[in-house]
Amino acid sequence: MKNCEYQQIDPLALGTPASTPTSTQCAKNKSHRPRRKWEVFPGRNRFYCDGRIIVARQCGVLPLTLGLIVVTSVLFFIFDCPFLVTHLTICIPVVAGVLFLFVVITLLQTSFTDPGILPRALPEEVTNTERQIDNSGSVTYRPPPRTKEIIINGEVVKLKYCFTCKMFRPPRTSHCSLCDNCVERFDHHCPWVGNCVGKRNYRFFYTFIVSLSFLTSFILGCVITHLTLRSQGDKGFLQALQESPASVVELVVCFFSIWSTLGLSGFHTYLVASNLTTNEDIKGSWSTKRGEESGNPYSYNGIFRNCCAVLCGPMPPSLIDRRGFLPPDVIPRTVASGSELHPFMAKNDTNMCTQAPKKLLETVAHSSLVHSTCTSATPKTALVTQEFPFNSVSSMLSPSNTTQVPLPAARDNRRSTPWTRPAVREGITQKGMLDAYKYQVS
Amino acid sequence: GPEFHNLQELRQSASLANKVFIQRDYSEGTVCKFHTKLPSELDSRIEKTLFEDTVKTLNNYYAEAEKIGGHAYLEGCLACITAYLIFLCMETRYEKVLKKISRYIQEQNEKIYAPRGLLITDPIERGMRVIEISIYEDRSSSGSSTSSSTTSSSGR
């Protein structure tokens, strides 16, 4: 063994293969501070407190949600509680206080918890997935077929290939176009909460909406009681309203929110009991035309068991390890992922990641918000309007420049085969592709 | 195959030749489980029973972590009552099992895999998607041999 061939291999660094640094990059990479993985996270998320807190890039209307809850509750405590305490019981502010704390804590947990984001596939995995062997034994590298069928508990399930994350999505996983992440047990992206709702934060979300329903109903009931008591005697209702104008505000807010919160709680209770996600329910993944109970292979066929599995099940860990340190020999490249995409890449497929202009997304977000607030219809409709506008937007063609730094292991994508339809790949020879992959694997 | 006496020797004198990925087995749902079939690239490197044992033990660990039983319900109800704040202070059962898995993999690497020129990567570092097994060639003996595998891809 000659010394010049000596090569240290650190098993920790094996996970993320080192990109071959060019001399210019070595010169640029002067920072000695070890970087954490959240700093190079490829999805559209923001991180606070050095990676402890994760939110979607667009916080949606989370400030509005929080504001409404806090303002209404504070008004309740200041203006209604004194009257109710003297006339009824001290339990009222105590109960309201407990509910309020529950609501705020679970809301923040829903918003700041990783919903179950799946990290993107590393280049060797991608190569492995792409490698296909012909009958003659020759090796070619092509994008894998879009779907793969597997059997789960006797049901045929199709796994889709995610072109952004470069992997076959596990069952019940869906790619959120807003956050640009694949999320496990994806329920929906909630603008009120400013985050996706998935496997890891579904129980927080459920507790949030249930306790919010209780809080809203409780405040509504107490305010009505307050006004009724005040208007007894010779005063009249209108005078009572004039004496306590804050109650009017609370009344209005609670009256309009109670429909959606109660409806949403009821809908999600149904989902929990049948172990479904909003995504599956809307798409009708398991409903059969013959009106059978459900072909849901994940259900435990028992309401109590399903509830326990969904709400009291084990808490899986976060897979993205955002506070972990990057191996020191890896140099992340600031490749604007949008510019590398071939223009033909965008398809009319909600699951393909295409970059839509930010402004359009925001206007759509506002319009869908109007839909969901104005309609007192069933939550299903509200959820449909908040999901589908984003899906149609995501199929837009123009990739815009993002400033996201890809994962260090996701090397220069220019060398690898762009994910294009076969017709477009004429310019790339097979030998060229093989060389590109040898370069990556070696 | 090359003979290495321990993990350190592997690190010092070997070079990475290829990587094999053991995929997830979803036949029982979304529980974490991996296929136990020995991939053809490893045929010559390790005995089938040893490999199957490793994967089956890992599967058992994951099943233990994800088990829904009386203990899990109790934890869940307690957590709910405290508005899930308890997750901030307490180590969950899943995390405890993951630590056990980590130690197990380390032990397996040291005792069984490194002497055969192989290294297992903990699935948690791959998003629980695959068990990545790195195949090493001895630098001094292999010369210029690179990827040795032209046969079918890893077992599904």
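Q: Which residue lies over the face of A:Phe168?
A: A:Lys148 does, at 4.8 Å from the ring centre. The rule is that NZ of Lys or CZ of Arg must be within 6 Å of the ring centre and within 35 degrees of the ring normal. A:Arg185 also lies over a ring face, that of A:Tyr202, at 5.5 Å from the ring centre.

Q: Before I go on, what should I know about the model and the numbering?
A: This is a predicted model, in which local features need pLDDT of at least 70 and side-chain atom pairs count only at pLDDT 80 or more, while totals for chains, interfaces and linings use all residues. Residues are numbered from 1 along each chain as its sequence is written, chains are lettered from A and ligands numbered from 1 in the order in which they are written, and side-chain values use heavy atoms, with hydrogens and water left out.

Q: Thanks! How many aromatic pairs are there over all chains?
A: The count is twelve. Rings of Phe, Tyr and Trp (its six-membered ring) pair if their centres lie within 6.5 Å; planes under 30 degrees apart count as stacked, over 60 as edge-to-face and the rest as tilted. A:Phe76, A:Phe77 and A:Phe100 form one aromatic cluster.

Q: And what does A:Cys81 contact, leaving aside its neighbours within four places in sequence?
A: A:Phe76, from that cluster, and A:Pro93. Contact means heavy atoms within 4.5 Å. A:Cys81 lies in helix 3 (residues 62-87) of chain A; helices (H or I, at least four residues) and strands (E, at least two) are DSSP runs, numbered from the N terminus.

Q: Is A:Cys81 buried or exposed?
A: Buried, with a relative accessible area of 4%. Buried means under 20% relative accessible area, exposed over 50%, and partly exposed in between (1.4 Å probe, protein chains only).

Q: How many bridges join strand 6 and strand 7 of chain A?
A: Six, between residues 147-152 and residues 155-162. The bridge partner of A:Ile152 is A:Glu155. The two strands form a hairpin with two residues between them, and A:Asn153 in the turn has a positive phi of about 50°. Strand 7 and strand 8 pair over two bridges, and A:Cys162 stands opposite A:Met167.

Q: What about the loop between strand 7 and strand 8 of chain A, which residue has its place there?
A: A:Lys166. This residue is not a glycine, yet has a positive phi of about 55°, and is buried at 17% relative accessible area.

Q: Let's turn to chain B. How many helices and strands are in it?
A: Six helices and three strands, in the pattern α-β-α-α-α-α-β-β-α along the sequence. Buried residues make up 52% of its 156 residues.

Q: What does UniProt list for residues 72-90 of chain B?
A: An unreviewed UniProt entry lists "transmembrane region" there. UniProt positions are in the numbering used here, feature names are shortened, and annotations may be inferred rather than shown by experiment. In the model, that stretch is 74% helix and 0% strand, and its end C-alpha atoms are 14 Å apart.

Conventions:
Pairing = 2+ DSSP bridges.
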